[in-house]
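Trainee: Could you take me closely through one part of this model, and tell me how far its side chains can be trusted?

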Amino acid sequence: MATEFPGATNDFVNLVWDVRRHRVVGEFACIAPTVAPSGQRAVCADTTRRQLVDLTDLQSVQDLEPGVGFTGFTAEGGMVVAVAEETRVYEPGAPRPWVPAPGMAVVSRQADPSIVAGRYAVLADAGKTSFELWDLQDRRRLGSARSIEAAVVLRRGEGAPDIEPGGSAHESTSDGSAGSETYSADGSIGAMAAADGSVVIWEKEGSGRSSTRLPVPAKEGAYAVGPDARTVAVASGRTVSVWDTGTGERTGNIRLGADGTTPAISRDGSLVAVAEGFLKGEYELWVRVEVFRVRDGRRVARFETASDSKNLVGALIFSPDGRELYAALTGRQMVVAWNVADPGKQPRTVARTDGYADHAALSPDGSKLASISRDGGVDLWDVASGTHVLAFGQAARVTFSPDGKTLAVTDYATRSVSLWNWETGERIGSGIVPRAGAFDVAFSHDGRRLAITGSPAGGLARRLPVTLWDLSSRRQVGPQLATLDARSALGFTPDGADLVAAGPYGTYVVHIAADTSGSSLCDIVTRRLSASEWQAIAPGERFRWPC
């Protein structure tokens, strides 16, 4: 039934914006709209009814019949609904719907989308005893299974969707509101609702591009960036996925026996290590570490740790040649070295901490190891002999410079970064105090810059800004680069042109080559900026006008 839709006086007003022509073409009142990928139709929902709106003229409005549940749109604009626990698909222009599987309806897992990539869906019977994976675009069943998790991986690689085996992806903006960032159907245009109420629209590959988002699922979990930033590993639930940052392709997907955490990548990117925690009985925690070959997911080593409710793994680090794996065993208050080629060999103790061993870092040549205990004390050790070399300072994280001579130390108390010459035990110059504090750091490969992740402020701050700093001037260079959390990871590419930031808010390759942010601002701004405005947006970048 066509009706006159409420106008701008309604409390819920939606503007229809022509992206290419940069102007508003209409408005309509709607609660919780779901827009079809084509951008031509939307479904609005309130507490009593659902309506289908034609966005091309904003006049054609159709009430969905009572008892009809809206599921979603297909990529081609088909409307997927559920009637009496049966899914029906209304294709544009078709006089009647088609039914994929009589007596079955689309189901979803947690917050995951019901229809993946606009075409794939899992259908289940009323008793949830049978599950089928369907390609709604080709109108064909890809297979059946006894669980939804088994259904989503049916015939992977033969036209079936590449659905992650668990968890859910989400998009976020700088103000922390999930779902505020969205992309066009072809992925070329992004839009984001900003904290000030404005909407920012950008072309992902257009002028002014200062970063590239990779298709790594944005999930809760632990992240690792390889030493040369060519690889990202994500441990989420019982899965570890490995991604190539150059191509954006997934190169490995490994199933675990338990929830994984603390991933690590070997220097050549061929191996990934992960810690897994098991509950034996009601209270007994058992932690093991496994090493997998990325190309085929084959396990090459397994290491058992002692059964202890406090025996977590604070850090995993591969030796430069990949033959040894260093593990900070929190509850055992030590850092050990396991032999990857001979897992049965007795582990070698490299360091012993005064309290829980929460973190460790290895020098680039593998000769020195820095450990951090729960009280924040930093100790330096000779890896070959296990000899204690130096003790100094309080730290949350510590990182070696590329030449191995300098330690960058972040301090919770002062929210700053200090540099130390470990050979002399002397501090180098003044500290760096970012506005958002400092939790973690990464050196550029030439040792001239630091990427600094903000401090979680005792765990109260979840979204941590990443900024770039010049070590010679101790000044910030350019605007904020990314947003991470405490389980995220950073890494520079060898040429220093890019920074890879990986975490639950997305994985990005941020282009930080000289003048990148300045050139990006020139392409984005619509009016002349004053020198003070320029510096407020891009501190440390040379002001110039006209661009």
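Mentor: Leucine 15 is exposed, because its relative accessible area is 53%, where exposed means over 50%, buried under 20% and partly exposed in between (1.4 Å probe, protein chains only). This is a predicted model, in which local features need pLDDT of at least 70 and side-chain atom pairs count only at pLDDT 80 or more, whereas totals for chains, interfaces and linings use all residues. Residues are numbered from 1 along each chain as its sequence is written, and side-chain values use heavy atoms, leaving out hydrogens and water. Leucine 15 belongs to strand 1, strands being DSSP runs of E with at least two residues, numbered from the N terminus.

Elsewhere, the structure holds three aromatic pairs (ring centres within 6.5 Å; planes under 30 degrees apart are stacked, over 60 edge-to-face, the rest tilted). Among them, phenylalanine 70 and phenylalanine 73 are edge-to-face, because their ring centres lie 5.2 Å apart with planes at 65°, and both residues are buried. The rings of tryptophan 98 and tryptophan 134, with centres 6.4 Å apart and planes at 50°, therefore form a tilted pair, and these two residues are also buried. Because tryptophan 98 lies in the loop between strand 9 and strand 10 (104-107) and tryptophan 134 in strand 12 (residues 131-135), this pair ties together parts that are 36 residues apart in sequence.

Notes:
Helix = DSSP H or I, 4+ residues; strand = E, 2+ residues; numbered from the N terminus. Phe/Tyr/Trp six-rings, centres within 6.5 Å; stacked < 30°, edge-to-face > 60°.
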